Amino acid sequence: MRTQVGIVGAGPAGLLLAHLLRLRGIDSIVIESRSRDYVESRIRAGVLEQGTVDILCESGVGERLQQQGLPHHGIELSFSGARHRINLHDLTGGRAITVYGQTEVVKDLIAAQIAAAAPLYFEVEATSIHDFESESPKIRFRQGGKEREIQCDFIAGCDGFHGICRPTIPAGKLSVFERVYPFGWLGILAQSTPPSEELIYCHHERGFALFSMRTPEITRLYIQCEPDEDIANWPDARIWDELETRLHAGGDLTLTEGPILQKSVTPMRSFVTEPMQFGRLFLAGDAAHIVPPTGAKGLNLAAADIRMLARALATFYQAGNAALLEQYSVTCLRRVWRAEHFSWWMTSLLHKFPETTPFQQRLQLAELEYVTRSRAAATSLAENYVGLPFED
Ligand code: RFL
Ligand code: PHB
């Protein structure tokens, strides 16, 4: 098999890249180790920045997003017995976020690929990548028990944190920056009305909680837990009790219980690889960087990487100019590190750390008071949360 860009992974990054390249007349082949059903139902992110919404809508995959996405003009922070609203819209000159599940973004992108009869293969696992320091890199994969190969001009490593592309880069050529947090999030998806129309981030003496949603009938809720928490310790009744305790501390909202459709535990880490490219291999999305989900940045960073990569590849193929490709890593890493800082800051502000002393807890509360009382501090949170404008 031969193509211009070989893409490993059909998460949001790989699918969006294939879509944007196709619109620019560049061929690609996407291979994904999991089934279509699996990737379309993997519950993850829910918050899209304005910039991500714009990329999807301007590239023609925003129809359902515009019909079903829920625009949010604010979020609430709950601490010290009260809720405080951050008016994202007013503080950012009219920007906002949209609540629309990653599952739905992935379904829309897969539908676009299939409608265009573009090559997208599920249950095809890349086993190794080769020759990316030359002009003819190769991706080997296994299909139906047979080893096969894709020859291409470039490889896009969009295979997530546990993929094979990043570890193939020779040791010593990459620097890795990492922090693992001493907690995780227990997440549930439930068929029940969300307690509020806006997201509520709760600081509580028992630990963090987040009240989010997918639709007006489906709520998405998270509770801080141990990083290696055994989900068997969390029967439904315990989950609802804990959520109720953390929500009620902030006021009089009602938590409506309903059937729990999905439960999972996510450990939390910050992670950055530098550079994000090596020869003709380009890493994008979670393959290159991870943020803790508190800032809602992971999917949005993946979309920002892909926007740059698609543009750089188009400049290469259309104008024979590799300057943007050479700048890819430097350009992306500026945004990545800003999001890393913001996600670390939100995480540090809102969670209970095992070593938290009463002094540190008072500092968290002082910072929360400041962020909700000072327009300057609230503006800083708001502009990061809705996403900083693209620089170019
Ligand atoms: P993905 O989605 O992990 O996709 C990588 C794909 O590569 C495939 N793969 C392979 N395919 C072929 N051959 C191989 N050898 C392969 N190895 C791996 C995998 O099967 C997979 O399909 O990475 P991508 O595309 O970079 O997308 C990143 C996002 O998924 C991620 O950053 C977000 O979900 C993070 N995230 C959030 N981001 C936000 O912007 N806003 C949010 O509100 C938000 N909330 C979250 C989140 C992540 C969470 N979890 C579960 C980590 C909430 C949670 C709980
Ligand atoms: C979600 O709805 O899944 C969600 C929302 C906000 C976050 C993280 C996850 O910060």
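Colleague: How many residue pairs are in polar contact between domain 1 and domain 2?

Modeller: The model is predicted, and the pairs considered here have both residues at pLDDT 80 or more. A polar contact requires N or O atoms within 3.5 Å. Between domain 1 and domain 2, the count of such residue pairs is 7.

Colleague: How many salt bridges does the rule find across the interface of domain 1 and domain 2?

Modeller: The rule asks for a side-chain nitrogen of Lys or Arg within 4 Å of a carboxyl oxygen of Asp or Glu. Across the interface of domain 1 and domain 2, the number found is 0.

Colleague: What area do domain 1 and domain 2 bury between them?

Modeller: The contact draws 19 residues from domain 1 and 19 residues from domain 2. Carbon and sulfur atoms account for 67% of the buried area. The area buried between the two domains is about 1,600 Å².

Colleague: Which strands stand at the edges of the open sheet?

Modeller: The sheet is formed by 6 strands with mixed pairing, in the order S8-S2-S1-S12-S19-S18. Each edge strand has a single partner strand, so one side of each is left without a neighbour in the sheet. The edge strands are S8 (120–121) and S18 (277–278).

Colleague: Which residue in S2 is the bridge partner of Val8?

Modeller: Strand S1 (residues 5–8) pairs with strand S2 (residues 28–31) in the parallel sense, over 4 bridges. In S2, the partner of Val8 is Ile31.

Colleague: At what angle does helix H9 run to S12?

Modeller: Helix H9 (residues 298–319) lies across S1, strand S12 (154–157) and strand S19 (281–283). Its angle to S12 is about 175°.

Key
Residues are numbered from 1 along each chain as its sequence is written. Chains are lettered from A and ligands numbered from 1 in the order in which they are written. This is a predicted model: local features need pLDDT of at least 70, side-chain atom pairs count only at pLDDT 80 or more; totals for chains, interfaces and linings use all residues. Side-chain values use heavy atoms; hydrogens and water are left out. Two strands pair if DSSP finds at least two bridges between them. Helices (H or I, at least four residues) and strands (E, at least two) are DSSP runs, numbered from the N terminus. Contact means heavy atoms within 4.5 Å. Axes are lines fitted to C-alpha atoms, for helices over the stretch in contact, and angles run from 0 to 180 degrees between N-to-C directions. Buried area is the accessible area (1.4 Å probe) that two parts lose on being put together, summed over both. A polar contact is a pair of N or O atoms within 3.5 Å; within protein, one must be able to donate a hydrogen and the other to accept it, and residues adjacent in sequence count only if both atoms are side-chain atoms.
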